[in-house]
Amino acid sequence: THLGYRAKQEMAGQVNANSESVLDDPRCRPYLAQILYLRWWALQKTNRPGEATRVAQRLIDQHGGSACLAPVLLARATDALASQEYSECRELLTRLIEDFPGTESTKRAQDILTRLKNGRIE
């Protein structure tokens, strides 16, 4: 809850500082997906892309069904698109659409996937 409050206040630095220590706290285990998501968000905001990628991958690997994964998948897909890794981009977008229907991230993913299919991006 504390980290969520800090994130709403746009205190990414404090989220970064506080989130690492709670990752190993057994009391926080039920909230690990949300904590990882907030840490990923904070690392993105503080321009630490390498660390953000590692946290995103951990979130994907360990908490693949968590709803907080949707924006992470979208961000990873847009990164793949920017790197012209179209196959990976399609895979991530497809997973997002299938696993998290009805989310805001899914709407954006559908638009990008349609543009990819119609050849307007490649």
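User: In which loop does Q84 lie?

Analyst: Happy to start there, noting that this is a predicted model, in which local features need pLDDT of at least 70, side-chain atom pairs count only at pLDDT 80 or more, and totals for chains, interfaces and linings use all residues. Residues are numbered from 1 along each chain as its sequence is written, and side-chain values use heavy atoms, leaving out hydrogens and water. Helices here are DSSP runs (H or I, at least four residues), numbered from the N terminus. On that numbering, Q84 lies in the loop between α5 and α6 (86-99).

User: Is Q84 buried or exposed?

Analyst: Q84 is not a glycine, although its phi is positive, at about 60 degrees. Burial is judged by relative accessible area with a 1.4 Å probe and protein chains only: under 20% is buried, over 50% exposed, and in between partly exposed. With a relative accessible area of 58%, Q84 is therefore exposed.

User: Which phi value does N47 have?

Analyst: N47 sits in the loop between α3 and α4. Its relative accessibility is 64%, so N47 counts as exposed. Although N47 is not a glycine, its phi is positive, at about 55 degrees.

User: How is the packing of α4 and α5 classed, oblique or perpendicular?

Analyst: Helix α4 (residues 49-62) and helix α5 (residues 69-82) pack with their axes 10 Å apart and at an angle of about 130 degrees. Axes are lines fitted to C-alpha atoms over the stretch in contact, with angles from 0 to 180 degrees between N-to-C directions. Under 35 degrees counts as roughly parallel, over 145 as roughly antiparallel, 65 to 115 as roughly perpendicular and the rest as oblique. The angle of about 130 degrees therefore makes α4 relative to α5 oblique.

User: What residue types make up the contact of α4 with α5?

Analyst: Contact means heavy atoms within 4.5 Å. From α4 come T53, A56, Q57, L59 and I60, and from α5 come L69, V72, L73 and R76. Ala, Val, Leu, Ile, Met, Phe, Trp, Tyr, Cys and Pro count as nonpolar, Asp, Glu, Lys and Arg as charged, and the others, Gly among them, as polar. The contact residues thus divide into six nonpolar, two polar and one charged.

User: Which residues does S105 touch, leaving out those up to four places away in sequence?

Analyst: S105 belongs to helix α7 (residues 104-117). With a relative accessible area of 11%, S105 is buried. Leaving out residues up to four places away in sequence, S105 touches A70, P71, L74 and L96.

User: Which residues are linked with E51 in a network of salt bridges?

Analyst: A salt bridge is a side-chain nitrogen of Lys or Arg within 4 Å of a carboxyl oxygen of Asp or Glu. E51 meets R39 at 3.9 Å, N to O, and this pair links distant parts of the chain, with E51 in helix α4 and R39 in helix α3 (residues 32-45), twelve residues apart. E51 also pairs with R48, their closest N and O atoms being 2.8 Å apart. The network linked with E51 includes E20, R39 and R48.

User: How far apart are the closest N and O atoms of D25 and R27?

Analyst: D25 is buried, with a relative accessible area of 16%, whereas R27 is exposed at 67%. The two form a salt bridge, and the separation of their closest N and O atoms is 2.6 Å.

Methods. Helices (H or I, at least four residues) and strands (E, at least two) are DSSP runs, numbered from the N terminus.
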